[in-house]
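The exercises below concern strand pairing and packing in the structure shown. Each task is followed by a solution in steps.

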Amino acid sequence: MTATAEPEVGKARLRKEDARLITGQTRWTDNIQLTGMLHMAVLRSPVAHARIRSIDCSRATAMPGVAIVLTGEDLAAEQGSLPCAWPITEDMLAPPAPALAVDQVNFAGEAVALVIADNAYRAADALAAIDVDYDELPVVLDLAEALQDNDLVHPDLGTNKSATWVYDSADAGSGTNVEDEIASAEVVLERTFRQQRLIPSFMEPRSVVVDPSAGMFTVWSATQIPHILRWMLAAVSGISEHKIRVIAPDVGGGFGGKLQVTPEELLCLLVARRMGRPVKWTESRTESMLSAHHGRDQIQKITLSARRDGTVTGLKVELLADMGAYLRLVTPGIPILGAFMFNAIYKFAAYRFVCTNVFTNKVPTDAYRGAGRPEATFAIERMMDELAVELGRDPMELRQQNWIKHDEFPFTTVAGLTYDSGNYEAATARAMELFDYSALREEQERRRSSGDPVQMGIGISTYTEMCGLAPSRVLGALRYAAGGWESASIRMLPTGKVEVITGTSPHGQGHETVWSQIVADRLGVPFEDVEVLHGDTASSHRGMDSYGSRSLAVGGTALVHAADKVLAKARRLAAHMMECDEADVEFATGSFSVRGTSTVRSLGDVVLAAHVAHDLPEGMEPGLDADATFDPDNFSFPHGTHLCATEVDTQTGMVKIVRYVAVDDVGTVVNPLIVDGQVHGGLAQGIAQALYEEAIHDEMGTLTTATLADYLVPCAADLPGFITARTATPATSNPLGAKGVGEAGTIASTPAVVNSVLDALRHMGVRDIEMPMSPERVWTALQGGVADASTPAAGGLGSIDSQGGQP
Amino acid sequence: MIPAEFRYLCPSTVDEAVRMLAEEGEDAKIIAGGQSLVPVLRMRLAAPTALIDIGGLTELTGVRDDGDSLFIGAMTTHYEVQRDHLIHDHALLLKLVTDTVADPQVRHRGTFGGSLCHADPAGDLLAPVLALDAVMIIAGPDGRREVPASEFFVDYFETALAPNEILIDVRVPKYTGWGAHYEKLNRVAQAWSIVAVAAAVQVRDGSIAAARVGLTNVGSGPVRATDVESALIGQPATAESISSAARWASSGDGYKDNLARVLTDRALTAAVAG
């Protein structure tokens, strides 16, 4: 065994998993072929709200290759209700959530019938032969109207309101009373923002294969959460948990969109059980957009109070959050994840957060990159700019006046969290320097005074977020149904190679590389000698999966603990082998030695000795494997400063980002290349919310942006070259000092872009522009108007459809 | 992709393709590069009984010099159009427009003729083909016929092609030495134009001798901005006369009307600059 001299942690390693992921020489779920496998196709409701009078499957059943056609009625006795693991209040209303609609459909895209056939083509063909008679009901789409309860999504509930969740600093003892602060304030600003509905747009569409052979149900799924999925499938189907094995093979992206227990996963399981044969379902892109959960979709009413000198005092947040038609796995909790973040990095005296969760006849919402925290960051960063305008202050200087200073950490916020570490001054100073803030302000002034048709704006976002989900006791207090710990195992193989098992479930992040780097350093083994196993509940039996920027901060810590256990045992054995006292054993770069002597045993020698077990110390078990489970005692709090300069073409409304600086403090960085990649991708998604993406429903509740020609996901050509840098204030809540980086870019960038565009146009009378800030909306705002909230995308497949369906 | 079932036919000559089309009837469809048709099949917006793949008809690819005109084979890919020196020298506008079509993958598969037959008013190639007075050469059971671009584009996704006809060639008069520009406003790189303007200008001795202007995605088909063209003739090639003429691109006060005027101004300005 060779020792690694240069530390692996901090090295910009190329990702060891990339070759197979990029070339496709790997196990995507849809690549799995099993003997006798059937294919499932799903008939989806074309209407958003209707009673199902009848379903006639006779023609479909008779079509070639069709094994069976199933309706919700056929499965009613066994399908149960899809799980919601986060009942945010005791009195939360949750409708039954059948995987296959039984007598009513509540959103366009909801599954109403299944065709099971011998190939995917015949299954899809037979869908058109199923006749469903719908009795249409009034469609509930608008949040404010939904709250009037004139028409009900779920008549049995008697209301469209699912729950109201409140945090109040006066009640919690974390601050004063917000109404008092507002009443006595010198300045009060009230603004309403809309978080449009977004579609997670993971690259690999969802796919499920279930094999019922060998006395087990083996479920392959393109999921982020194999462990939670196994638990929930057992709970819903009644199949014993130990008879279900879930495998998330290589998974192509998720962004929260695959943090779900989907109808199709359950349906494949039930169909496989019924037919006694393997079943596969793979969705098309359009099917994904119509039925996989969406993200965001909130109306935010924000009231901020301050003194004339710029000191902020009170913050009141009143949210309406669109649940869509059902409560999926963590739907109701998504806006609540933002509850602790609206106050952000600022020192408010009082804070009140009230969120009302509302049902509509739309696709259910749930986790999407950032999940609650982008919404919070957007609102507060927009408000800080609004306050700066109101007071005639520089927006950065105003932030600086109000943020937590580096020597005030740990700091308990008005929302009740304790931020362990941070240095907002350092990140901001670095960002201002890279951005050349004052030069751009001069350029902006030049364009203003010359009346240049292309104006310039500068946008700021100084953010923090809570990551490393999560201390289990906190989740319990929030009524979340699971814990937030994570698990890791290390198996030392007799040849000295290392198998690492993680309970986190990578779907593009690069865990295999990063986990190898950590183990290489800890155990002094070569990076290449480490294999990371994940995503299979048979090998990795304990885990809470990947989301919420938790994998490294929580799962990485479990790994460090497991490595420490391996070393502790190896040290004892090494002392035995070298016939010395354990206290005299030193370990460095993969070798044990006796202090002050030349006696050395490599870790490999010790591993082999443990494995053959010919001569072990009294009472020592053979082998050098170790398991560890880590439950954090606090969240981690990445932060940073993002600066965005835009050019806004006042003649066309087109926005172009000309400079974007992101300085993030994500604590200790294991692999800078991967961190940069996460930041770049995150920025792209956050910028997309600001400028491009929006899920639009027509007045009938039909999603009109159900293709990537109509739902505009930006590509590299649409984005600037990002300037990224880091400061590093290590987290104190884990031994790695890592904070998490999966969501930072998305959380920070949206308000930076929107603030920038508004900064460019405010002097021309523009006060606000709804997201996404399309050229038409920007231009219309410049004409003094407000563009229709649902400006259709130009051209494309959407236009084919609207013109009658035929080219 | 899981389209409805279809028969796949692969003719080796244009005449055979025309014969197959006649035999298969109205529910058959010609497939060229497939960059518009395949998504339509995938979404089952159309379910042709047969696809006649003319991808193997090499007689339909490439650009030929025919004296005063160029002949562009209908199956010439966008990528080939971008790199063809005859097009560069005599129909620069087509090259500049084609440079903006979708992304490299689409440009390698998609064809010049295929986009014209698809007749999406947001498609990039319609407006320049109209503005440049191109002529469509069409093969059918009764032989060949010619249709000027001004009569070819009928409505949204509808052309003068009969169900039993195939576009085989496009004849484009030479515009040697003309300045050209395509000013396109789209939200992301792969998105269709909200509005785009294709302009070609002939400047002689500082004056505009001739101009051709076509608008993308402002109606049910491409629109020729004839008022702009006539307002330019004989005017000095200056910013003032261009701006003044560009106002004729649209008379409305909506967003797209504004874009038509603004982008026409920009397209002409860039075309004049060379």
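**Exercise 1.** Determine how many bridges join β2(B) to strand β3 of chain B, and in which sense the two run.

*Solution.* Step 1: β2(B) is joined to β3 (residues 50-53) of chain B by 4 bridges, and the two run parallel. Here strands (E, at least two residues) and helices (H or I, at least four) are DSSP runs, numbered from the N terminus, and two strands pair if DSSP finds at least two bridges between them. Step 2: opposite B:Ile31 stands B:Asp53 in β3(B).

The model is predicted: local features need pLDDT of at least 70, side-chain atom pairs count only at pLDDT 80 or more, and totals for chains, interfaces and linings use all residues. Residues are numbered from 1 along each chain as its sequence is written, while chains are lettered from A and ligands numbered from 1 in the order in which they are written.

**Exercise 2.** State the strand order of the open sheet of 3 strands in chain B, and explain why β1 and β2 stand at its edges.

*Solution.* Step 1: the order is β1-β3-β2 (chain B), with parallel pairing. Step 2: β1 (7-9) and β2 (28-31) of chain B each have a single partner strand, so one side of each lacks a neighbour in the sheet. Step 3: from one strand to the next, the twist averages 25°.

**Exercise 3.** Identify the partners of β10(B).

*Solution.* Step 1: β5 (residues 69-73) of chain B pairs with β10(B) in the antiparallel sense over 5 bridges; B:Ser69 has B:Pro173 as its bridge partner. Step 2: β6 (residues 135-140) of chain B is joined to β10(B) by 5 bridges, also antiparallel.

How values were computed
Axes fitted to C-alpha atoms, helices over the stretch in contact; angles between N-to-C directions.
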